[in-house]
Amino acid sequence: MNQVTSFLRPAPLNTDVAVEMIGVNKWYGDFHVLRDINLKVMGGERIVICGPSGSGKSTLIRCINRLEEHQRGRILVDGVELLDDVKKIEEIRRDVGMVFQQFNLFPHLTVLENLTLAPIWVRHLPRREAEEIARHYLQRVKIPEQAEKFPGQLSGGQQQRVAIARALCMNPKIMLFDEPTSALDPEMVKEVLDAMNELANDGMTMLVVSHEMGFARQVANRIVFMDEGQIIEANTPEAFFASPQHERTKLFLSQILH
Amino acid sequence: MDAADSTKPKVSPLYDPKVRGIAYQVALCALIGVLVYGAISNAIENLTRAKIASGFGFWTTTAGFDINQTLIEYSNISTYGRAFWVGLLNTLLVAALGIVFATILGFAIGIARLSRNWLLARMAGVYVEVIRNIPLLLQLLFWYNAVLKALPEQLQESFIIPGGGFLNRRGLFLPQPVFGNGSGIAFVALILGIVAAIIFRIRIKRRHEQTGVRAPVFAIVLALVVVPPLVALALAGFPIDFIYPYPGRFNIQGGIEILPEFMALLFGLVIYTAAFIAEVVRAGLFAVSRGQTEAAYSLGLPTGPTLRLVVIPQAMRVIIPPLTSQYLNLTKNSSLAVAIGYPDLVQIFTGTVLNQTGQAVEVVTLTMAVYLTISLVTSLLMNLYDRRVALVER
Ligand SMILES: Nc1ncnc2c1ncn2[C@@H]1O[C@H](COP(=O)(O)OP(=O)(O)OP(=O)(O)O)[C@@H](O)[C@H]1O
Ligand SMILES: [Mg+2]
């Protein structure tokens, strides 16, 4: 029991550097997707990344847990550098949760099994303990009654909340979100944003690719604007919305805020 | 107001889908009945005209021919019925071994084709493209005539296989174990070891679920299965003897003899079918979206468990129906044995027996019924398995 409670304790707010990207470059063949990315995310910080379609937002956050490989520059996650070492990469992935636009729940497993798979096979927790943790997080995303169902039987909003809970069950230090609400019907967006809000209040380090500007204004410490593979501008929400520095940012904001 | 059902508009029975469905089925059954009746009465009429006694009277008649591979006791004074069983067992033997090896090879090549290793993926691709585009019959002739018949004929030139075996044009000769007094105990020890291993596996799984502690399962299971029979054998003073094949006057004598016809057929079937199974497996793995792998990776699961726990269970649903038909193809293709002289059901029964008795209708019908039964049983087993993996969703 003691072990479980310690496992459930929210990550302490710290001032360490959670993610550091130094001069990161990436190409798809000839196509230069990421250009000289420099980004430092402190522990407990919440970053919202926005920008036009194809600007490299997904690629950037997918580099942080090595779903994509960068070719030049350095990426350090929680002080550990991402290199070709498979064991190191798996270690980093354990501590970095990810939520996808398309949910990517495992359709052949129940909700509970989705949540306990990695804790059992990666963290080697006993099943009973893994289930206890899973039910705790289902409670937190407000769908404790769906544990025995299969993902296909849930609404989009419920599925995305399961996906958040699934990532949290690994007790990650950092959470990555790639447009978590873009595939959802409008009435379901709020329930997912609420869950993310709560996570932010607990002090989770978050990198969120999103065009939900209301959420950004409310939750983000910094907003990062990307275009054509570059970080054009990074600022606090107040400054970002009140006085955008670059023409492209202004154009983007005028389009997205009407 | 009336109840809702009384206001429901009446549909003419002519347009009621349920009525129509039943009508179609009745019509189809009637049609098939007429066709079958016609075929049978026609055959009987022809046979009586040709004065061939119909029926299975020949079943208990002496066959009078030899068969060079028999899994059950048989000699040329055995009956035609006995020859049928010999042929059936030979077919089942090559089909069963073929299915097992083709599955292993096919999965390996299918997974290799999707490997990140360029050379491995390319080699697997070339294998599939070459093998599945050459007729199986040619491949069988190749293995039989170009490979196995090209082996040395002279006894002195036979390849010697380490451990006391020989390989030459007449086949593969391996030592045959003979179990003496006391080996029964080793056998019992083996069974007990297997039981212990199963119990151990169940308990270790339960312990893993309760405490999270994991043990080197494979090593311990292996030890449980291997050590007790070895100890029992040692205590009994190793009562197992081997009859080693030795070069006789005309041929290698003693030991187990594996015919070149059998090897050629097994090689051909396995290599050919594996190419198709590899394609089936590749398509199945492809059908699982990239997002599934990424989700598993992002949770820290390594490649192996990701394949085993996430990708393959989902791919299996796509794989099983075409895999079943590959199994059926392999079984049916085994009847090409006739081309290289492996004594399978077709070669013995619809070949020699049919020629000698002239009972074409009985022999061919029975043989077809046998293949149909084998196929239906295979399909049934695969469907049961399919239901097990499919039910998991929804
Ligand atoms: N595997 C790939 N191979 C080649 N090009 C790719 C690949 N993945 C992405 N790209 C290209 O890289 C660019 C950046 O893609 P990315 O998905 O990071 O954009 P994004 O900012 O997330 O866009 P969106 O808002 O549409 O999700 C796009 O132009 C895309 O076409
Ligand atoms: Mg994207």
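Let's start in helix 9 of chain B (residues 290-298), where Arg290(B) and Glu294(B) both sit, 4 residues apart, or about one turn of the helix. Keep in mind that this is a predicted model. These two residues form a salt bridge, with their closest N and O atoms 4.0 Å apart. Side chains of opposite charge can pair when their charged atoms come close. Arg290(B) counts as exposed because its relative accessibility is 52%, while Glu294(B) is buried at 9%. Elsewhere in chain B, salt bridges that share partners link Arg113(B), Glu129(B), Arg132(B), Glu279(B) and Arg282(B) into one network. Over all chains, the count is 23 salt bridges.

Now hop over to chain A. Here the side chains of Lys173(A) and Asp95(A) meet in a salt bridge, 3.5 Å from N to O. This pair links distant parts of the chain, 78 residues apart: Lys173(A) is in the loop between helix 6 and strand 7, and Asp95(A) is in helix 3. Lys173(A) is partly exposed at 40% relative accessibility, and Asp95(A) is partly exposed too, at 21%.

Glu148(A) and Arg135(A) make another salt bridge, at 3.1 Å. Glu148(A) lies in the loop between helix 5 and helix 6, and Arg135(A) in helix 5, so the pair ties together parts 13 residues apart in sequence.

What about the nonpolar side of things? The largest nonpolar core has 52 residues, and those touching the most other members include Leu115(A), Ile164(A) and Met196(A). Helix 7 of chain A (residues 186-201) gives this core its largest share, 8 residues. Beyond its neighbours within four places in sequence, Met196(A) is in contact with residues including Phe177(A), Pro180(A) and Phe215(A).

Definitions and conventions
Residues are numbered from 1 along each chain as its sequence is written. Chains are lettered from A and ligands numbered from 1 in the order in which they are written. This is a predicted model: local features need pLDDT of at least 70, side-chain atom pairs count only at pLDDT 80 or more; totals for chains, interfaces and linings use all residues. Side-chain values use heavy atoms; hydrogens and water are left out. A nonpolar core is a set of buried Ala, Val, Leu, Ile, Met, Phe, Trp, Tyr and Cys residues joined through side-chain atoms within 4.5 Å. Buried means under 20% relative accessible area, exposed over 50%, partly exposed in between (1.4 Å probe, protein chains only). Helices (H or I, at least four residues) and strands (E, at least two) are DSSP runs, numbered from the N terminus. Contact means heavy atoms within 4.5 Å.
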